[in-house]
Amino acid sequence: MIDMTPEEFRHLGYRAIDLLAERLGDIRTAAVRQPVPPAQRDQWMHAPLPETGTDAAALVQRVADEVLPYPMGNSSPRFFALVNSPSAPLAWLADLLAAAHNASVAGGDHAATYIEHGVLNWLKAMMGYPAESMGLLASGGSVANLIALAAMRNVKARGDMRAHGFLGEGPPMVVYTSTQGHTCLQKAVEILGIGSAFLRKIPTDADYRMDVAALRAQIAADRAANLRPVCVAASAGTVNSGAIDPFEALADVCAQEDLWFHIDGAYGGFGILAEQTQGLYKGLERADSLAIDPHKWLYVPIECGCVLVRDGQALRDTFSVLPPYLRDDRALPWLSEFGPQQTRGFKALKLWLVIQQIGMQGYRALISRDIALARALQAKIRARADFELVAAGPLSITCFRYAPPGVADAPALNKRLLESVQAEGQAFLTGTELDGAYVLRACIVNFRTTEADLDTLLDVIVQAGQRALAAG
Ligand SMILES: Cc1ncc(COP(=O)(O)O)c(C=O)c1O
């Protein structure tokens, strides 16, 4: 029952591929998403544990009938929410092939290990990061940041952090990010036992970039209070507005103050490839560690993040449970020595294929195009009297409000209209808070989006806004 003949597998596999091909055909015209009916939701969540087996073909049919009609929506050209991109269809096949290959990429002499090393080298080259650094593919940006900060903690510890934790460490460590730093940095300092009370959120300038003078003042105040500054965690593209922190100045502060310089590039790291923005990344190559997220702007399916650490030995010393005298460096070190996972999936295959399919010229063009579309959206918003542009970061995020003349409380109106836009499913976006006030936020990491989709987005917002105003 569990195994299949090649013929059975081929037959079912073709059916699954047909389902995906149908979706691909509809993607531009179909609604972005639709709400899950409550009965369907309950059925999934409360179904009894099956005692007997079910025919595999019937199960694939269930996916067709029940699952595929309720996507998150990020394959659609009119999905502007969060930082979730569509993925390259070749990578769908890669995940299927990788699952069938079923290698654990802990290490060893088999294809998947070498391909991950090769892909890591490509990612370093893309980012202009030192070739002798070391890294790992991870589940996403959050875990990539966590792994990087774990290496930082180990390097900055006065004692043997791995054996004794913070016992006897003396004054608390302090980590610095900006008020716009991603919440995963807070999770990381909490998980690592540093504590969120010692994560300083430094104010930003008018463009939401970390204020270097405020950082210096906070470090001085913390030293005066007998605390121990250890790390600046900067952002290469904040999630709210896409701000890129001033890396050269921050690298200088870190060098002068003997701090670890980390950069969270989960959203915007690959913006280094775009002609419009590459100049803003100067100094990134000086970072001690870097988190990037191929499942965002490199268009491979979730999950795929990546951490790179300049001092590979420091990363290995953080996680390896092999004493140095047992390490066999004649062969390649095991990847499992550089991170928390032992058994590791073959995430590298999708990247290996899609990077070759698209090539660097292709990626530069795709990412530049997303940024150009964001500029076009901003120009449309500026040109209209019924919209207000709130933040236009250097990358592909636009924060704005529908604010027809005479509206008293635009943030409240936009919160209300967003619910209606989301329920309707013609376009999908989310909101955020900037400077304490609610804004709509459109993020374009989408090779399918066209300028016509931007017009649809604005039209849908106006219609929802007018309905909300009419309802009073
Ligand atoms: C700036 C930034 N950092 C970190 C993350 C977390 O990455 P992930 O969701 O892949 O864990 C995100 C996600 O959007 C992000 O935008």
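This is a predicted model: local features need pLDDT of at least 70, side-chain atom pairs count only at pLDDT 80 or more; totals for chains, interfaces and linings use all residues.
**Exercise 1.** Work out which hand the crossing of helix 5 and helix 13 has, and which residues meet there.

*Solution.* Residues are numbered from 1 along each chain as its sequence is written, and side-chain values use heavy atoms, with hydrogens and water left out.

Next, the geometry. The axes (lines fitted to C-alpha atoms over the stretch in contact) of helix 5, residues 111–127, and helix 13, residues 348–382, come within 10 Å and cross at roughly 30°. That makes the two helices roughly parallel (angles under 35 degrees).

Now the contacts (heavy atoms within 4.5 Å). Helix 5 brings residues including W122 and L123, and helix 13 has W352 and Y363 among its partners. Sort the contact residues and you get 11 nonpolar, one polar and one charged.

**Exercise 2.** Is strand 9 buried or exposed, and what does C399 stand opposite in strand 11?

*Solution.* Six of the six residues in strand 9 (397–402) are buried (under 20% relative accessible area), so the strand is largely enclosed by the rest of the structure. Check each face: I397, C399 and R401 lie on one side, T398, F400 and Y402 on the other.

Then the neighbours. Strand 8 pairs with strand 9 (at least two bridges by DSSP) in the antiparallel sense over five bridges, with A391 bridged to C399. Strand 11 also runs antiparallel to strand 9, joined by four bridges; there, C399 stands opposite R441.

Key:
Axes are lines fitted to C-alpha atoms, for helices over the stretch in contact, and angles run from 0 to 180 degrees between N-to-C directions. Angles under 35 degrees count as roughly parallel, over 145 as roughly antiparallel, 65 to 115 as roughly perpendicular and the rest as oblique. A crossing is left-handed if the near helix is turned anticlockwise from the far one by less than a right angle, and right-handed if clockwise. Ala, Val, Leu, Ile, Met, Phe, Trp, Tyr, Cys and Pro count as nonpolar, Asp, Glu, Lys and Arg as charged, and the others, Gly among them, as polar. Buried means under 20% relative accessible area, exposed over 50%, partly exposed in between (1.4 Å probe, protein chains only).
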